[in-house]
Structures are given as structure tokens and as C-alpha cells.
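Have a look at the model first, then read on.

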Amino acid sequence: MGSCIPSSAQTSSSRPVLPKEGAPFFKVLHISDTHYDPHYVEGSNADCNEPLCCRLSSGRPTNPNSAAGKWGDYRKCDSPKRLIDNMLSHIADTHNDIDYIIWTGDLPPHDIWNQTKEINLQIIKDTVKQMSEKFPGVPIFPALGNHESSPVNSFPPPYVQQIDSSISWLYDELDNQWKRWLPSSVSQTIRRGAFYSVLVRPGFRIISLNMNYCNNKNWWLLLNSTDPATELQWLIYELQSAEFSNEKVHIIGHIPPGHSDCLKVWSRNFYRIVARYENTITAQFYGHTHYDEFEVFYDPHDLGRAINIGYIGPSVSPYYDLNPGYRIYYVDGDHDLSTRMVVDHESWIMNLKEAICMTILFGTSCILPDRPTT
């Protein structure tokens, strides 16, 4: 991999130009890990012995505390439609000045033993339609999660063409669904590997990566764990072109590089690419962990010098022991010296315990077990 990365004309000690105070900015919404469960049933058993509860198949609750809530549940339950509808309506009403949306994957629920290709494709179609209707005219830049495939985590490389193994059933439909937001020029890379590069504004580009080619639960990577879809090679080409054109780049994806779910050989090569193009890549955005987190990248030759940051957005799904959340970023916007850096961000959460308590129609106090509120 090392010989494929062009040497930098800029010294590693060069310091980035900071955003100008009071400069215009973009307001950006980040949604991740919605895990919409169309079979969620309020009042069903939230304390079952399966990996996913809160469904009719979960059985009857043994006591009132075991009943699934109206808006979701802190136990192993995914997002009811009511929760996602309410969240998107709240965002549309509260943040009616959003410039664009980044949407970092994991749309189906966690009932992976039940899923089929047809079921997962329907979830994708339903959620894409929902996003389009809630945010008409707002550009949306999606990335692929690890739950979209069936079986889960199964993402064959492009050269696997056998009809019973090929991943084209998913990538072709992603292209059909995403084309409402993306230019036709990216269709080829989406259908080949579910990654793409888009010029958002003059001088500003978003690159969406398919992080399933670093997913250590993707057994297809036993064939090639270094760069199975030549995605990193493509990324280098895109970043080199961006550097030549003096463009700034944001990278979006699902699994954060460096996370334990991302293969070390892939992460190590990706890290070197980020270090080489530190003056081009100004921010990265991921999901997958369901937590409100961030990663810091350091200069491989000077570990005391931070060179990049990966923002990891919270999940919409409360699965599990979590409050549903989303992020708002303020990105250095259109002006002559724009850095395209994130100048500020906010995490918005729904206090699920409080919401559930307000819907209890009997008694004077909430009897739910105590759960985190932040």
C-alpha cells in the first residue's frame, strides 16, 4: 500500500489555517443507526430472551415494567415508526435551515435471524422515502451500514459475480434509491462498491466510503483483507485529484476506522492516507457504535501532533440503554478563505424515560427501572 501513496509536497509541521471568526457556515444534520423496526408493538414484552424484543413474537410482558413503551425502550428493542416520525418532524421544525444531511447507515433492525434480501430492501426503500418526504430539496449524502446486507455483515468483493453470492442485488438498489440526491456520475462506483465522491460546492467535496470492506465480521475479507474492492486505491486517486484542485474533503462512512470492528491492516493503511492528505481532509463522520463519540488521528511521525478528527454520531435507535439522538454540525462555509472545518457541533437527545413516563395513564409516578438520561 505504501508505494501507492504519493509523497506530500507539504511538510508535516505545517499548521492548518483556522476558520475566520464570524465567517458564514453550513448547518449540517448527521443521522445514524435508525434501525427501524416495523414490527415494534407498544405494550409487548421488552424483556425477552432473544437478541431483539418489543414485538408480538416476544410474548406477553410478565409485569408492567416489562412492557414496551410508546416511544421505544431502553432494553434490546429498536426504533418504532412513531419514534422516527417524531424525530424527523422535530428536526424539520426545529432546524429548518439545514444545508445538507449526512446519513451514516444501519437502517434495518437487529432481528438478523429473520431477515431476507427482500425485507432489507423494503426497509431501505421505506426509510429513503421517509427522508425524502421530510426534507424535500435538502441534499442527503448517505453511507452504507453493516446491517443493510442479508446475511448481516456479508459484503462480497466486486469480483465475486456468482448469482447466489454477488452483492449486486443491494448495490444496484442503493444506486436506484440514492440517485434522487446524487449525480449520475457516481452510479458506477456505487454499483461496484457502494462508495462515491461528490463535489458539493466549488472547492468542497464529500467522499462516502463503504466501511464494510474493513469489517472484521465480513468473512469475504478472508479472500483479501487489504483492499478487497480497491476502495483505498480509489480513495487515494480522489484525494490526489482534490489536492491538485485545491478542494477540501469530508469523509463519511459507517464503521469508524480504528474501531475494534475494523480490520487492523485496513485501518493502518487508511491512517497513512489520512496523514498524507491531512491538509485536504478537514473532517470525518461515522456511526455504528451508537455512542456520541469522536476519534483523534495523530501524525505517525509525531504522536504529539493531532492531524484529523472523526466525529461518531449517536444512534437514533435506543438499542440498548441509550437515548435516541442526532448531531448538528456547523461547518466553515462559503467564503474566500473557507477551511471547511467543523467550528461547532451539538448533540440532541430524546429523554426516553421522561417520554415514556408521560404516557403512563395510571398512578402518580413513573415506575420504570432507572435508565441513563444523557
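To read the helix angles below, picture each axis as a line fitted to C-alpha atoms over the stretch in contact, with angles running from 0 to 180 degrees between N-to-C directions. Keep in mind that this is a predicted model.

**Helix 5 and helix 6**

- Helix 5 covers residues 231-244 and helix 6 covers residues 264-276; their axes come within 11 Å and cross at roughly 5 degrees.
- Angles under 35 degrees count as roughly parallel, so helix 5 is roughly parallel to helix 6.
- On the helix 5 side, the residues that meet helix 6 are Glu231, Leu232, Leu235, Ile236, Leu239, Gln240 and Glu243.
- Their partners in helix 6 are Trp266, Asn269, Phe270, Ile273 and Arg276.
- Sorted by class, this contact has seven nonpolar, two polar and three charged residues.

**Helix 1 and helix 2**

- Helix 1 (residues 81-94) packs with helix 2 (residues 117-134) at an angle of about 25 degrees, and their axes are 10 Å apart.
- That angle makes helix 1 and helix 2 roughly parallel to each other, and their crossing is right-handed.
- Helix 1 brings Ile84, Asp85, Leu88, Ser89 and Ala92 to the contact, while helix 2 brings Gln130, Met131 and Lys134.
- Here the class count is four nonpolar, two polar and two charged residues.

- Six strands form an open sheet in the order 4-5-6-7-9-8, and the pairing is mixed.
- At the edges sit strand 4 (196-201) and strand 8 (293-299), each of which pairs on one side only.
- Neighbouring strands are turned against each other by 30 degrees on average, if you ignore direction.
- Strand 8 and strand 9 (residues 302-312) run antiparallel and are joined by seven bridges; Glu293 stands opposite Ile312 in strand 9.

**Helices on the sheet**

- Helix 5 packs on the sheet and touches strand 4, strand 5 (204-208), strand 6 (248-252) and strand 7 (281-286).
- The direction of helix 5 makes about 175 degrees with that of strand 5.
- Helix 6 lies across strand 6, strand 7, strand 8 and strand 9, and runs at about 70 degrees to strand 8.

- An unreviewed UniProt entry lists residues 26-291 as "domain: Calcineurin-like phosphoesterase".
- In the model, that span is 29% helix and 13% strand, and its end C-alpha atoms lie 24 Å apart.

How values were computed. Residues are numbered from 1 along each chain as its sequence is written. This is a predicted model: local features need pLDDT of at least 70, side-chain atom pairs count only at pLDDT 80 or more; totals for chains, interfaces and linings use all residues. Side-chain values use heavy atoms; hydrogens and water are left out. Helices (H or I, at least four residues) and strands (E, at least two) are DSSP runs, numbered from the N terminus. Angles under 35 degrees count as roughly parallel, over 145 as roughly antiparallel, 65 to 115 as roughly perpendicular and the rest as oblique. Contact means heavy atoms within 4.5 Å. Ala, Val, Leu, Ile, Met, Phe, Trp, Tyr, Cys and Pro count as nonpolar, Asp, Glu, Lys and Arg as charged, and the others, Gly among them, as polar. A crossing is left-handed if the near helix is turned anticlockwise from the far one by less than a right angle, and right-handed if clockwise. UniProt positions are given in the numbering used here, feature names are shortened, and annotations may be inferred rather than shown by experiment. Two strands pair if DSSP finds at least two bridges between them.
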